[in-house]
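Thank you all for coming.

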Amino acid sequence: MNLTRLVYYSQRNPSMDLNMDELLQVCQRNNAPMNVTGMLHYNGNYFLQVLEGGRAEVSSIYHRIAADPRHVNIILISCQDVRERIFPTWSMALQEGLDGETREIFLRYFPSNAVNPEAISTESLLDFMQDVSTELA
Ligand code: FAD
């Protein structure tokens with residue numbers, strides 16, 4: 001089984017209801033039996049998500065996500081075979097909001113503390129997600 005990491009970002013569709021607690025539960029319920037892990041960042045506008053797992057499993061989940069009308073402007077920025085996972089422990093972790101610690105991390109990668117995934121490289125986005133994940137651990 002090839003291990004794959006997929007990264008995309010998108011924007012909330014303001015005309016659709018969104019309940020992040022419910023969404024996270026669905027992610028975890030669906031991803032866990034497929035051994036798909038990852039992390040989701042949401043800042044009220046942008047979503048940024050990393051999915052890691054078997055190639056077929058990641059692909060199948062991504063296609064379902066991409067058809068979800070709760071977000072728009074979905075940009076796939078990376079999908080590649082990897083040797084190991086960055087986020088092996090969470091079937092899906094959610095990072096949202098900003099506090100003192102995360103503000104410092106945001107400012108390390110972005111010109112302001114409003115995360116705009118269009119502004120930085122895929123590599124920096126992954127570093128950002130990894131750094132911010134330490135606040136969730
Ligand atoms: P269902 O049991 O059909 O839905 C669960 C609940 O979600 C429903 O009660 C409903 O309130 C709500 N819901 C579902 N679809 C919609 C919709 N189209 N509009 C409004 N509310 C809806 N799914 C994953 O499995 N793994 C992921 O990692 C994942 N990440 C996501 C990231 C983002 C940014 C978004 C927007 C969605 C993500 N999803 C993810 C959800 C995915 O798009 C599908 O909605 C979900 O996989 C459907 O699974 P289900 O059939 O088990 O859910």
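Let me start with Val50, which is found in strand β3; strands here are DSSP runs of E with at least two residues, helices are runs of H or I with at least four, and both are numbered from the N terminus. Before I go further, please keep in mind that this is a predicted model, in which local features need pLDDT of at least 70 and side-chain atom pairs count only at pLDDT 80 or more, while totals for chains, interfaces and linings use all residues. Residues are numbered from 1 along each chain as its sequence is written, and side-chain values use heavy atoms, with hydrogens and water left out.

Val50 has a relative accessible area of 0% and is therefore buried, where buried means under 20% relative accessible area, exposed over 50%, and partly exposed in between, with a 1.4 Å probe and protein chains only. If we leave aside its neighbours within four places in sequence, Val50 is in contact with Arg5, Leu6, Val7, Thr37, Gly38, Met39, Phe87, Met92, Leu126 and Met129, contact being heavy atoms within 4.5 Å.

Which partners does the side chain of Thr37 meet through polar atoms? It makes a polar contact with the side chain of Arg85 at 2.9 Å, and a polar atom of the Thr37 side chain also lies 2.7 Å from the backbone oxygen of Phe87. By polar contact I mean a pair of N or O atoms within 3.5 Å; within protein, one must be able to donate a hydrogen and the other to accept it, and residues adjacent in sequence count only if both atoms are side-chain atoms.

Turning to strand β1, we find Tyr8 there, and at 2% relative accessibility Tyr8 counts as buried. The side chains of Tyr8 and Gln49 are joined by a polar contact of 2.5 Å. Tyr8 and Leu76 are 68 residues apart in sequence, yet their C-alpha atoms are 4.3 Å apart in space. Not counting residues up to four places away in sequence, Tyr8 touches a set of residues that includes Phe47, Leu48, Tyr62, Ile65 and Ile77.

Tyr62 and Ile65 bring us to helix α2, where the buried residues are Val58, Ile61, Tyr62 and Ile65. They lie on the same side of α2, because they cover an arc of only 100 degrees around the axis, the arc being that of the directions from the helix axis to the C-beta atoms. On the other side of α2, Ala56 and His63 are exposed. The buried residues of α2 pack against β1 (3-12), α1 (20-31), β3 (46-54) and β4 (71-81).

In α3, the buried residues are Thr102, Ile105, Phe106 and Tyr109. Seen down the axis, they fall within an arc of 100 degrees, so they line one face of the helix. They pack against β2, β5 and α4.

Two backbone details deserve a look. Asn35, in the loop between α1 and β2, has a phi near 55 degrees, a positive value in a residue other than glycine, and Asn35 is exposed, with a relative accessible area of 52%. Asn73, in strand β4, also has a positive phi, near 50 degrees.

Finally, the ligand. Which of the 20 residues around the ligand come nearest? They are Glu22, Arg29, Asn31, Arg64 and Asp68, where a residue counts as near if one of its heavy atoms lies within 4 Å. Polar side-chain atoms of Glu22 and Asp68 each lie 2.6 Å from an oxygen atom of the ligand, and one of Arg64 lies 3.0 Å from a ligand oxygen. Taken alone the ligand exposes 920 Å², of which the protein buries 70%; these areas come from the Shrake-Rupley method with a 1.4 Å probe, and for residues only the protein chains shown count as cover.
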